[in-house]
Amino acid sequence: MAFVKVDVSILAASLADYSQLLGVFDVDPYESGAKQVPGSGSVLPKEVFHWKGNLENFAQGYPLGSTSMFSTVTTMIIKNDGPDTISVMYQTAANGVNFNILNIAEGKIAILPDVDITGGNPPFLGSSGGEGATGEIFVFGRTDT
Amino acid sequence: MSTVYAKVKVGVVVSPNSDYSDPDVDRDLDPYEVQSEGFEWFRREASTSSETFVCSQFSTIDLLVIKNEDASNYVTITHRSAGNSSTDNKHRIGPGKFLVLPDVTPSATTFTHQASGAACILKIGVLGET
């Protein structure tokens, strides 16, 4: 069993030190609740994967490639710490066989709740420049269907 | 045009316990900070028909957050991006889930939402240049 909570908030202010707030956009956290994973033992790593490092190395087939540890991806979070912009190309249930492509500039965050790997095409990340990009990726998924 | 200083924070907690005690992961990502010209948020109903969400008051969008407040239906979001040029991107946002997009083309004719089984309430936040 793994319980996942993802929280997002936007703080907007008129001064750079955030002392004069214009507003706070606070999204109620998404909570996955309990999920039963087949088998026992090291349950959690099969439900949640955290990657920190070179973002392009993530796309070399693990963990979402041909030897995927997931059968279903429920949510994917990508944070690009730069320096290059990265593009992520992925399929979704909503878009069928077509691919979504998003640019994620340095510093930006993407939270994607509809990543479909059942067609055998894992998300692919590539950088726009010669320096590459580091950052963090969370993958929440399931090993059953 | 005044400047809006915005900070976007994302936190992730993973625990074997329903009260999130003794977490295996408790991580706040480095915030995304941006100086924009505009920040707006909306509470909006998405019907089961495809409807256009107008955000053409923005010339560029730095970040778009959409939360599906519905408990049982998903919402399909269609939008264009710099990465995908004139091809549509499509996402389903499941009940209670949210979508954070760093790459949205603010064209009034290419940004739509459609609920699956019944109308859903969406909470939408937009940071961008006006």
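Predicted model: local features only at pLDDT ≥ 70, side-chain atom pairs only at ≥ 80, totals over all residues.
To start with the overall extent, 56 residues of chain A touch 57 residues of chain B. Together the two chains bury about 4,800 Å² between them, and carbon and sulfur atoms account for 62% of that area. On the chain A side, three residues stand out: Phe3(A), Phe25(A) and Ile109(A) supply 15% of the area that chain A buries against chain B, more than any other trio of residues.

What about polar links? Across the interface, 23 residue pairs are in polar contact, with both partners at pLDDT 80 or more. The part of chain A that touches chain B is built from several strands, with β1 (3-13), β2 (21-31), β3 (48-54), β4 (72-83), β6 (99-104), β7 (109-112) and β9 (133-142) each giving two or more residues. Of these, β1(A) brings the largest share, at 11 residues. Sorted by residue type, this side of chain A comes out as 35 nonpolar, 10 polar and 11 charged residues.

As for salt bridges, the count between the two chains is just 1. The pair in question is Arg27(B) and Glu136(A), whose side chains come together with an N to O distance of 2.4 Å.

Conventions: Residues numbered from 1 in each chain as written. Chains lettered and ligands numbered in written order. Heavy atoms only, no water. Contact = heavy atoms within 4.5 Å. Buried area = accessible area lost by both parts, 1.4 Å probe. Salt bridge = Lys/Arg side-chain N within 4 Å of Asp/Glu carboxyl O. Polar contact = N/O pair within 3.5 Å; in protein donor to acceptor, adjacent residues only side chain to side chain. Helix = DSSP H or I, 4+ residues; strand = E, 2+ residues; numbered from the N terminus. Nonpolar A, V, L, I, M, F, W, Y, C, P; charged D, E, K, R; others polar.
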